[in-house]
Amino acid sequence: MIARAAPWARAIKIGYGSPQTGPLAGFGEADGFVVGGIKKALGKGLTVAGRPHPVEILVRDSQSDPNRAAEVASRLILTDKVDLMLVASTPETTNPVSDQCEVNGTPCVSSVCPWQPWFFGRGGKPDVGFKSTFHFFWGLEDIIGVFVDMWNTVPTNKVVGALWPNDGDGNAWGDKERGFPPALAKAGYKVVDPGRYPNLSDDFSAQISTFKREKVEIVTGVPIPPDWTTFWKQAAQQGFRPKVATIGKALLFPRSVEALGPLGDGMSTEVWWSPQHPFKSSLTGATAAAFAAEYTRRTKKEWTQPLGFIHALFEVGLDSLRRARSLDDKDAVVAAIKTTSLNTLIKPISWAKGPVPNVTKTPLVGGQWGKGKAFPFDITIVSDKSAPNIPVGGRLRPLKPA
């Protein structure tokens, strides 16, 4: 007698939100490639409790707008009735989506936002945490450590000029208790903070004037990509040339550096994922190097850091759904997320231990952009003090004088 295949069960719906247009679009540039690869890896579906389920991935664009992010999340939850929400990239996307999920009891996993603005920015309490929402990424303590480690290799006067915008990241980085100011002071650096500025500013003359007056030799901050391009070009025009420029967010993507032209050479930033990271996908078995190379082969574009993290979001989400006792019980899916222990393309993920409930941290290193071979610029890892299993390829070069 021929055994019958298990009958197909209902479709699993996964919502995914990210900024695919607007000033934060660099974070979503590789989404199409990643989601396409996930669909291919799933084949005909996902088997849960012995029954195969077709999987629908509903991708939504936040348009780099927190209000829009909340709106599309609400529709995915209430109208599309997703079983799981995945969301990525900056507090302006992760937080409003996570908040909608928490209110409605929808299981949610987020990433690509430092854990402090995700947790404390949403009113999280370390002794309580959240019920339905979980997060993996590094924290401010990690990026401060990486930046200081890079700066300590270059002789400077240790005067740091800060570009912190009036947004979730800028307010967290500039926080006088949990942010950069107390940590840099403890490390022997003086911070020159001209105050918060609105995103998409077109004139940074006031900040540049302050930095020149205070003899700033290191510039840091977390501007959106178009704002750093504006600032750095105006700095060149006004004769301000620090020895080091280490910028979060704006300098993560090859296109953002290319927008600076020759002025992009020597920029430094954090590196959360690269082809050098020694991890493999739980879905496909691909190494970080192979995954990045396949992206370049198919798109003709240089690899970009969100590649690994967006893939890992889906790894964690699908693994949690696969292990859930019941897909029709949201608490069961939450329980499966909470007990995750999975080797992913970015690192092993587990919420068993973290700085606060619902958060687990990921490794971070520092990199510097220089003239490339196949593309205009390549990034070289120059600091791995906090993650020595990720190899360095050089030392931080001071910027050339104007």
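In sorting residues by class, Ala, Val, Leu, Ile, Met, Phe, Trp, Tyr, Cys and Pro count as nonpolar, Asp, Glu, Lys and Arg as charged, and the others, Gly among them, as polar. This is a predicted model, in which local features need pLDDT of at least 70 and side-chain atom pairs count only at pLDDT 80 or more, while totals for chains, interfaces and linings use all residues. Residues are numbered from 1 along each chain as its sequence is written, and side-chain values use heavy atoms, with hydrogens and water left out.

On a 1 Å grid over the protein atoms alone, a pocket is an open set of points with protein on both sides within 12 Å along at least five of seven lines, a cavity is a set where a 1.4 Å probe fits but cannot get out, and lining residues have an atom within 4 Å of a point. Points are joined across faces, edges and corners, and a volume is the space filled by probe spheres set on them.

First, select A9, R10, V48, A49, R51, H53, A324, R325, S326, L327 and D328, which line the second largest pocket. Its volume is about 180 Å³, and its lining has five nonpolar, two polar and four charged residues.

Next, select F27, P114, F137, D169 and K249, which lie nearest the centre of the largest cavity among its 15 lining residues. This cavity has a volume of about 90 Å³; ten lining residues are nonpolar, two polar and three charged.

Finally, select L252, P254, E302, W303, T304, Q305, W369 and I379, the lining of the second largest cavity, which holds about 40 Å³ of space.
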